[in-house]
Amino acid sequence: MFERFVNGFQVLVAIAAVVTVVLLLTVSPTVAEPAGTAVASGADLFVSNCAGCHGAGGEGGAGPALAGGLTRFSSIEEVVAFVSTGVPGAMPGFETRLGPDEIEAVVDHVWVELAGR
Amino acid sequence: MAIAVGVYGSVHDPAGQQTISLFFSNTLSFKAWTTTLILFFAFGQLYSALRIWGKVKIPKTMPSWWGDLHRLSGTLAFALSLPVAFHCLWALGFEPDFTELRRFSHSVLGCLFYGAFAAKVTLVRSPETPSWSLPVVGGVVFTTLVAIWLTSSLWFFTAVAFPGV
């Protein structure tokens with residue numbers, strides 16, 4: 001009985017593994033609304049685009065902490081440029097995912113609300 | 001398998017987005033605690049394997065379902081690793097810069113884990129497997145998993161937040 005349960009569970013997990021591979025190959029990042037429509041708030045854009053690496057409150061994670069940080073940048077324009085182009089192997093560029101208004105909105109949120117600059 | 005995972009992580013454009021978080025506040029917390037649970041099952045794997053190979057004597061008489069318990073703990077660990085690996089590969093990608101020691105070693109270890117796991121599953125189902133190979137590959141899987149936990153969950157709990165839920 002227990003053996004049959006384990007066998008059945010292994011089959012389910014094998015199917016889950018295949019589904020995971022299919023998702024890896026097919027799922028695209030969530031793309032924000034195209035330019036010309038209402039721009040989502042910087043906070044919302046941060047949650048959907050940045051929090052996965054930098055933490056929900058900018059406390060850091062796979063990426064560096066943003067809260068109270070950003071000391072390497074001297075102006076908000078530098079951050080906009082950095083977020084737009086990204087860093088190969090470290091952080092994706094967002095100019096192909098977000099419109100200019102959206103990048104400005106999320107950087108403004110990070111600069112003012114999280115970094116306190 | 002290890003190479004395939006590494007190649008995907010390298011060529012895929014990281015999404016940089018959250019994925020599953022269940023009842024945690026964010027995906028990183030979910031991953032840190034899920035990896036800890038995986039480590040728990042990995043220790044279950046280690047102990048049940050040691051009993052199968054007679055290296056420990058408790059329980060004194062090995063129940064008939066002991067082997068199935070060993071398989072179940074391994075399957076649970078693998079199943080739980082899937083959403084974690086999905087976020088690592090899809091959202092973060094492979095870290096090629098070895099000066100970023102934690103991220104680089106974690107990337108390599110993640111690839112090694114799936115390679116070693118695939119080797120173990122293949123060996124355990126092969127009738128002509130040398131008797132020494134399963135403990136060796138199983139040991140590699142366990143060691144890799146411990147190193148993965150050290151470079152991810154432990155780092156998260158000590159450098160980011162604890163419990164960080």
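Reply: A crossing is left-handed if the near helix is turned anticlockwise from the far one by less than a right angle, and right-handed if clockwise. Keep in mind that this is a predicted model.

Me: How many charged residues does the contact of α2(B) with α3(B) have?
Reply: Sorted by class, this contact of α2(B) with α3(B) has 12 nonpolar and 12 polar residues. The charged count is 2.

Me: Which residues of α1(B) make the contact with α4(B)?
Reply: Helix α1 (residues 2-11) of chain B packs on helix α4 (residues 101-124) of chain B at about 140 degrees, with the axes 7 Å apart. Their crossing is right-handed. From α4(B) come B:S107, B:G110, B:C111, B:L112, B:Y114 and B:G115. From α1(B) come B:A2, B:V5, B:G6 and B:G9.

Me: Which element gives the most to the side of chain B that touches chain A?
Reply: In this interface, 29 residues of chain B are in contact with 27 residues of chain A. The elements of chain B that give two or more residues to its side are α2 and α3. With 12 residues, the top contributor is α3(B).

Me: How many nonpolar residues are on that side of chain B?
Reply: By class, the side of chain B that touches chain A has 7 polar and 5 charged residues. Its nonpolar count is 17.

Me: Which element gives the most to the largest nonpolar core?
Reply: The largest nonpolar core has 51 residues. Elements supplying at least two residues each include α5 (100-114) of chain A and α5 (133-150) of chain B. The most, 10 residues, comes from α3(B).

Me: Which residues is B:F113 in contact with, leaving aside its neighbours within four places in sequence?
Reply: B:F113 is among the residues with the most contacts inside the largest nonpolar core, along with A:I103, A:V106, A:V107 and A:V110. Beyond those sequence neighbours, B:F113 is in contact with B:V141, B:T144, B:L145 and B:I148.

Terms used: Residues numbered from 1 in each chain as written. Chains lettered and ligands numbered in written order. Predicted model: local features only at pLDDT ≥ 70, side-chain atom pairs only at ≥ 80, totals over all residues. Nonpolar A, V, L, I, M, F, W, Y, C, P; charged D, E, K, R; others polar. Contact = placed C-beta atoms within 7 Å. Helix = DSSP H or I, 4+ residues; strand = E, 2+ residues; numbered from the N terminus. Axes fitted to C-alpha atoms, helices over the stretch in contact; angles between N-to-C directions. Core = buried A, V, L, I, M, F, W, Y, C linked by C-beta atoms within 7 Å. Buried ≥ 20, exposed ≤ 12 C-beta atoms within 10 Å, placed from the backbone.
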